[in-house]
Amino acid sequence: MSNAHSKAIVYGMPNSDLKTVEINGQEITVHKEVVKPLTQLLGQLDNDGLTTNVVSHWRSFDHQCSIWTAKWQGKRTLLDRNECPLQTEALSNEQKFDALCFWSAIPGLSRHHWGTDFDIFLAKPMAEGYQPQLIPSEFSSEGPAASLEVWLDKHLTDYAFYRPYQDGFSGVSPEPWHISYYPVATEMLKKVEATEVASLIKHSKLPEKNFIVERLERYIADYVEKVAPLP
Ligand SMILES: [Zn+2]
C-alpha cells in the first residue's frame with residue numbers, strides 16, 4: 001500500500017477503500033471490508049425486532065473540522081463531562097480543549113474516518129420523532145435505547161464489533177452507541193502518526209492550529225490509543 005493511500009484511509013480523505021451502500025434503506029459509507037459484517041449485524045437486529053439506524057458513519061477530515069470549529073467557537077453546544085452546556089466565551093483555550101476532547105475527536109484522529117466505526121440508535125423512537133442526542137443516559141435502563149443496549153451487550157461481539165469507548169477504559173466519554181469493527185479498526189489505529197496529523201492540521205482552517213498541534217502526541221496517548229481492550 002502506498003504511503004499516500006494509507007494516509008488517505010487513516011485521516012479521513014475520500015479513498016477507494018470506501019463504499020457507499022444501502023442497508024435497511026439507509027445510505028451508508030463504509031470500508032469495503034465492513035460492508036458484510038455491518039449488513040449482518042443490522043439484519044439480525046431487524047430480525048430481533050430492534051431495527052436500528054446508523055446515525056453517523058464515515059466522516060471526512062473536513063466534516064470533523066466543521067464539528068470541531070463550531071464547538072470551539074460556541075456555535076454548537078459544548079458540554080462538560082456531566083453533560084451540562086458550557087459558556088465557551090468564559091473558558092480559556094485549555095479548558096475548551098479539555099471539554100472538546102472528551103466529546104469530539106481532533107480532525108484527522110476520529111475513528112469515524114476509518115469506515116469501521118458507526119453511531120447507532122433504535123429506529124422506533126426516531127420514527128416517532130425522537131431526536132437522538134447521543135448521551136450515555138439514553139442507553140441507561142430508563143433511556144429510549146435501553147433494549148438496544150441489552151442486545152448489544154449480549155450479541156455485538158458475535159459480529160466482530162465492539163464498543164471502544166467504555167467507562168474506566170477510554171479517555172473519551174463512554175459512548176454506548178459507538179460501535180467499531182475491530183479486525184479493520186485495529187489495523188487503522190496502528191497507522192496513526194502525530195506528524196501526519198500535524199501537517200494536515202497546519203494546512204486546514206481550524207482555529208488555534210498551533211495550540212492543537214502542540215498537544216497532538218499527548219492527545220493520541222490519552223484519547224486515541226486509550227480505548228477499551230478488544231473482546
Ligand atoms: Zn461515534
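In helix α4, the buried residues are Lys96, Leu100 and Cys101. Here a residue is buried if 20 or more other C-beta atoms lie within 10 Å of its own, exposed if 12 or fewer, and partly exposed in between, with C-beta atoms placed from the backbone. Viewed down the axis of α4, these buried residues fall within an arc of 125°, so they line one face of the helix. The arc is that of the directions from the helix axis to the C-beta atoms. These buried residues of α4 pack against α3 and α10 (216-224), where contact means that the C-beta atoms of two residues, placed from the backbone, lie within 7 Å.

Before we go on, a word on what you are looking at. This is a predicted model, in which local features need pLDDT of at least 70 and side-chain atom pairs count only at pLDDT 80 or more, while totals for chains, interfaces and linings use all residues. Residues are numbered from 1 along each chain as its sequence is written.

Now let us step back to the whole chain. It holds ten helices and six strands; helices (H or I, at least four residues) and strands (E, at least two) are DSSP runs, numbered from the N terminus. The C-alpha trace spans about 50 × 45 × 30 Å along its principal axes. For 231 residues, a compact globule would have a radius of gyration near 17 Å, and the chain agrees with its 17 Å. That radius is taken over C-alpha atoms, and the globule rule is 2.2 Å times the number of residues to the power 0.38. Of the 231 residues, 31% are buried. Among contacts with a separation of 6 or more, 66% are between residues 24 or more positions apart.

What covers the buried residues of α3? α4 (93-103) and α8 (194-202) are included in that cover. Helix α3 (residues 61-72) has twelve residues and reaches 16 Å from its first C-alpha to its last, close to the 16 Å expected at 1.5 Å a residue. The expected span is 1.5 Å times one less than the number of residues in the helix. Phe61, Gln64, Cys65, Trp68, Lys71 and Trp72 are buried in α3. Because they cover an arc of only 135° around the axis, they sit on the same side of α3. There is a simple background to such patterns: an α-helix has 3.6 residues a turn, so residues three or four places apart point the same way. After α3 comes Gly74, with a positive phi near 75°.

Leaving aside residues up to four places away in sequence, Tyr181 touches Val34, Pro37, Leu38, Thr116, Ala160 and Phe161.

Next come the strands. Four of them form an open sheet in the order β3-β4-β6-β5, with antiparallel pairing; its edge strands, β3 (52-56) and β5 (161-162), each pair on one side only. Two strands pair if DSSP finds at least two bridges between them. β3 and β4 (residues 117-122) are joined antiparallel over four bridges, and Thr52 has Leu122 of β4 as its bridge partner. β4 also runs antiparallel to β6 (residues 178-181), with three bridges; here Asp117 is partnered by Ser180 in β6. Five of the six residues of β4 are buried, so the strand is mostly covered.

Another pairing joins β1 (residues 18-23) to β2 (residues 26-31), antiparallel over six bridges. Ile23 has Gln26 in β2 as its bridge partner. Two residues separate the strands of this hairpin, where Asn24 takes a positive phi near 50°. Asn24 is not a glycine, and with 15 C-beta neighbours inside 10 Å it counts as partly exposed.

Our last stop is Glu187 in helix α7 (residues 182-191). Glu187 is partly exposed, with 14 other C-beta atoms within 10 Å. Glu187 and Val10 are 177 residues apart in sequence, and their C-alpha atoms are 9.6 Å apart in space.
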